[in-house]
Each structure stands twice: as structure tokens, then as C-alpha cells.
Amino acid sequence: MAKQASSSLKNMILSLLVITTISGASLSYVHKITAKGIEQSRQKKKIEAITAVLPQFSNNPLKEMYKIALFENDSLEVYPARRNDSLIGLAIASKTNSGFSGEIKIMVGFLPNGIVYKTKVIEHHETPGLGDKMEQPEFYSQFEQFNFHEKINSVTKNGGDIDAITAATISSRAYCNAVQNAYSVFQKINQQWSSDSQSGATK
Amino acid sequence: MAYILLIISAVFVNNIVLSQFLGICPFLGVSNKVKTALGMSAAVLFVMVLSTMVTYILYFYVLQPLNLQFLNTITFIVIIASLVQMVEIIIKKVSYSLYEALGVFLPLITTNCAVLGVAMLALDLPVKYSFIHHNSLLFAVVFAIANSLAFGLALVLFAGIREQLQLVKVPQKLQGVPITLLTAGLLALAFMGFAGLV
Amino acid sequence: MGSFSNITKGIIKENPVFVLLLGMCPTLAVTSSGINGFAMGAATMFVLVLSNTVISVIKQVIPSKVRIPAYIVVIATFVTIVQLVMEAYTPSIHKQLGLFIPLIVVNCLILGRAEAFASKNNVFNSFLDGIGMGLGFTVALTLLGVVRELLGAGTLFGFNITGIEHPKMMLVFVLPPGAFIVLAYLVAINRMVQKNK
């Protein structure tokens, strides 16, 4: 068997240096070639969510994304969807921190008149079998065609019109909270449209 | 305040061992005697807090500005390995008996997923804890302290139970590892009772 | 010693999870479903095989005193590669496994094999050892995941096999306590199987 390199200071430093250099170089290379794939899958996920919450559109909402402030130091991403140049809806990537196990991200699709077309959970960490039932149609379909002028967006326990998931009231409340956050942003945009139309600007 | 909630949450509600599954190997291996468990927890506290501080600063002031976040795994683990070496040298000088008692488990703190795990979780606390609204070094450090206390709690509780287990008759097929795991499972079940506390 | 026993020993006799009790953290954490268990096992096997091989190749050039840090850097490199590739090409699994992908680097199985085997054996045998241990790990995790998924959600790899829409199963099995309990019995069963051989 060949001799093992001695543990002299020079050998130790040299070998570690070589290893870290090779490692760093190969990682930078892999990072470069996967960066495109990572960006693509992120975009794919967003587009899929937007498609799921709005009627058919022909533009690329990702290209027209803008942000609107929510509170303090947070903002939500707004994705306008158009068909043949006219606005057919806004998808808002909303979120809430009041989930049972942390942040929940929900894509909320609004029609231009403020009615929620559909919603779709983008990300959550809720308990399997309990909070994660928010991904079942029995729960989320309650938000389809939701009109804020006709219904109250909170769980029945709080006097609202949404039936909470059994034994998962906190998760259900969080869902309502996320939809409400999206609505606040929509209202801001709506105000902007009203003042724009008064001054003659177009959407 | 948010700091107290963070501590309660990390120690009871989201206990690092019993609910997040980090730090299992030393948990199952070391916790035979309460005294050793305490010594191990102290060593972990030292390494966890120091490494979280260093990795937090490294991530937000070096890696992120240079867009090198993907190097986090490799840089964090090298930092942790170095700190463990340091702690080993210090313990050897300060208390040789503790050094002997901990034996091979001391260098194994490097591979303690809890240490690396906490360092990584500390980078984005607002995602998991609704009462925290922005990242800060102080939150990260409190988080690290709380988690090492959580680890210590789980370890000491478990050691105490195992000391009692030795006096009881266990079915032959379940002796050794299985009964240890079952006990851990029951302890985890008990801790689930804290859910919703925060 | 036949080279191919290096592969088979990792599956039953020296199964890293049920016998050697290495790599406990991911074993308990990501096995809430069969697919997750399998994905974690596959990712770990990838790192294990590559790191075993590379470490066996460079074992003589690394001075003994710095071998552990050197091994760690090698392993961390492969883990980061797996991280990046999974984020780009299997994003949903990457999200599911989450924190535990980078945590592969501290999986005592990988560093353990590097130190116990790869640093002392030739490249081919180290490669086989990596495959054997990796397969054993994957089998163990998949088995644990399947059992927990069946008992806790009534599905098999996501497919509902009970015929009922949303069966009321024993939820505890996809939660932390269930992981400990199922693993305990699997270890005991493995032991019984070995005694009877």
C-alpha cells in the first residue's frame, strides 16, 4: 500500500486549499447551469397558480407584475391578466403569518369588479390531516365567486360565512386572513383606478 | 414580548428533538444518565449559540450581498466543525472527567443535525413564527439559546426516564433500541399537548 | 471477501437504519409518506456513493490530521450539488424535503462510511459499499414512509387504496410520535427476522 501523505503543516494547508478550490469551482459551475432551471420552475409554479385562479388569459402576467404595499414593510405581488388587451382579472399572491404552523401563501384571483374568482394555496406548513384540508375543494370552494359586498369573510365562529375545517379553526381563520389581505390590496388598486379614470388615465 | 414567545415556542411547542426531529442521534445515544445529558447539553448550547451567531452574520453580510447563498451548506458546516474542535480543546483543559464522559459524542456534535438545522432555521424566523415580523441577529441568538435549552430539556427528561426503565421488565423483543424509540414516541406525544400554546 | 457482498450487506445484515442506527434525523422526519422516504433515500444514496468514491480516490493525498475537515468539504460539495439539481428539476420534492436536503451533510451515515470504509478500501469496493448502504437506507426509509402513510392517511404513494373518499385513519402516524413508534417496531421486527435466519 502506498505511503499516506504526512501531516506536515505545508501538506495540511495545501491539501485543504486544493480541495476547497476544486469544491468552490465545481459548485459555481453547477450553480450556473442550474440557475436557469431553478428560475424556470419558480416561474412555472407562479403561472400555474395564476392560471388556476383566473379565467383564461392571453398575456404573460409575470411580465406585468407590480407590487402594492400591504402594511409596514410588506407588499404583495399583483399579476394582471388580459385577454385581447383588456383586463380580465388580477391575481394577487397573498400571504398570512397567522397559520397554525407559520406562513401560508395563497394566490387569490379577482375579477375587475372585486369578486374573488378562485383561490389556490401556494405554500403552507399546516398539520397533515387537519390544517392541510384547506387544499380540499370542500373548503376552498367556499371562496369561489366570493362577493365581499354580499358575504362576510370570516369563520362562522366569528360571525362570518365561511365554514371552518373541523378541528382546524386556526388554519381556516388564517386562510380568511390571507384572502382579506389580498382584498385590501385590491381595494387600493381599485381606488387608484377610480382616481385614474377621473383624471383620464387608462388601466 | 416576542422573545418570550419565541423561547416558549422553541422549548415546548416546536421542541427541536421531539417535534422537529433534529438532534436524534445524540438524543438516543447519550441520554443514559442525567449527569452526562446535562454535560452534553451545555456543550451543545455553547456550539449552537456561537455557530448561529457566526453563520447568521456570514449569510447576511457576505453570502447574500455576493449572491453566493448556495454556498451556505458548505460554509456553515465548516464553521460548525471548527467550533466543535475549539470546544473539545476547551473542555479537555477545563474538566477532563467531563471530556472522558462525553467521549466520542463530543466530536459528534459536528454531525448533530440540530446545530446545523438551527443555524439554517434562524435565517428566516418570520416564516414559522407569526409573532416575528423581521429577521434580526438578536432573534437568531435567542432562538439558538432557546433551542439548546429545548435540546437539553428533551435529553434530561429522556435520561431520567431511561434510568427508571432499567429497573423495569421489558419484553425481550423490545429490549434496547425499540423500547427507547417507543419511549421517545410517547414523550413526543406528550409534548404535542403544547400545540396551540403560542 | 466477495466484492458483491458489499452491496447486499447494506440491505439487511448491516442496514444503516435498522441495525447501525445511523441517519436517524431524516429517517424520522421525512418519512410521513412513501414518496418522501424514497426521495430522501435516493438523494442520500447519490451523495453517499459519490463521496465514498471520491474519498477513496484521494485518501492517500490527504494528511491524516485534516481528513475529517477534508471529508466534510467533499461531502458538503455533493450535497450542495444535489440541492441545486433538485431545486431546478424536482421542485415539489425539494419543497417537501426542505431543510433535510442540506442536512444530508451531517447524516452520520455518510461521514461514518467515509471514515470506516472509504478511507481504508479501494475505489471499487468503496463505490459498492456506497451503493449497498445507500440501497439499505433507501429501502428502510421507503418502508417506514409506506407504513406511516398507510396507517396515517390510507394511501400508498399517494394513491388511495381504501376505496373510501377521505378515510379516517390514525393521524398520529404521520405526526412525530408515529415516526418513533413505527421505527421502534421495524427495528424489533428486523431483529426477529435476523435471529430466525
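Tutor: A compact globule of 197 residues would have a radius of gyration near 16 Å, and chain C has 18 Å, so the two agree. Along its principal axes, the C-alpha trace of chain C spans about 60 × 45 × 25 Å. Of the 197 residues in chain C, 59% count as buried. Now look at contacts in chain C with a separation of 6 or more: residues 24 or more positions apart account for 77% of them.

What is chain C built from? It has eight helices and two strands. Read along the sequence, the pattern is α-α-α-α-α-α-α-β-β-α.

Next, go inside. The largest nonpolar core has 133 residues. Those with the most contacts inside this core come from chains B and C: B:Ile77, B:Val115, B:Val118, B:Phe143, C:Cys25, C:Val47 and C:Ile75. Helix α4 of chain C, residues 67-89, gives the largest share of this core, with 14 residues.

Pick out C:Cys25. Leaving aside residues up to four places away in sequence, C:Cys25 touches B:Phe21, B:Leu22, B:Ile24, B:Cys25, B:Cys113 and C:Leu103. Another core lies apart from the largest one. This other core has 37 residues, among them A:Tyr79, A:Ile162, A:Ala182 and A:Tyr183.

Now take the contact between chains B and C. Chain B puts in 31 residues, and chain C puts in 31 residues. On the side of chain B that touches chain C, the elements giving two or more residues are α2, α4 (72-94), α6 and α8 (177-191) of chain B. The most comes from α8(B), with eight residues.

Stay with α6(B) for a moment. Is this helix mostly covered or mostly open? It is mostly covered, with eight of its nine residues buried. The buried ones are B:Cys113, B:Ala114, B:Val115, B:Leu116, B:Gly117, B:Val118, B:Ala119 and B:Leu121. They pack against α3 (34-63), α4 and α7 (137-165) of chain B, together with α2 (24-29) of chain C.

How far can you trust chain B? Its pLDDT averages 85, and 97% of the residues score at least 70. Within chain B, confidence is highest in helix α6 (residues 113-121), at 91. Confidence is lowest in helix α2 (residues 24-30) of chain B, at a mean of 75. Where pLDDT is low, the predicted coordinates should not be read in detail.

Finish with chain A. It holds an open sheet of five strands in the order β1-β2-β3-β4-β5, with antiparallel pairing. The edge strands are β1 (66-69) and β5 (116-123) of chain A, and each pairs on one side only. From one strand to the next, the twist averages 30 degrees. Strands β2 (residues 75-83) and β3 (residues 86-99) of chain A pair over seven bridges. A:Pro80 stands opposite A:Leu90 in β3(A).

Two helices meet this sheet. Helix α1 (residues 9-53) of chain A lies across β2, β3, β4 (102-110) and β5 of chain A, and runs at about 150 degrees to β5(A). Helix α3 (residues 169-199) of chain A packs on the sheet and touches β1, β2, β3, β4 and β5 of chain A. The direction of this helix α3 makes about 140 degrees with that of β3(A).

Definitions and conventions:
Residues are numbered from 1 along each chain as its sequence is written. Chains are lettered from A and ligands numbered from 1 in the order in which they are written. This is a predicted model: local features need pLDDT of at least 70, side-chain atom pairs count only at pLDDT 80 or more; totals for chains, interfaces and linings use all residues. A nonpolar core is a set of buried Ala, Val, Leu, Ile, Met, Phe, Trp, Tyr and Cys residues joined through C-beta atoms within 7 Å. A residue is buried if 20 or more other C-beta atoms lie within 10 Å of its own, exposed if 12 or fewer, and partly exposed in between; C-beta atoms are placed from the backbone. Helices (H or I, at least four residues) and strands (E, at least two) are DSSP runs, numbered from the N terminus. Two residues are in contact if their C-beta atoms, placed from the backbone, lie within 7 Å. The radius of gyration is taken over C-alpha atoms; the globule rule is 2.2 Å times the number of residues to the power 0.38. pLDDT is the predictor's confidence in each residue, from 0 to 100. Two strands pair if DSSP finds at least two bridges between them. Axes are lines fitted to C-alpha atoms, for helices over the stretch in contact, and angles run from 0 to 180 degrees between N-to-C directions.
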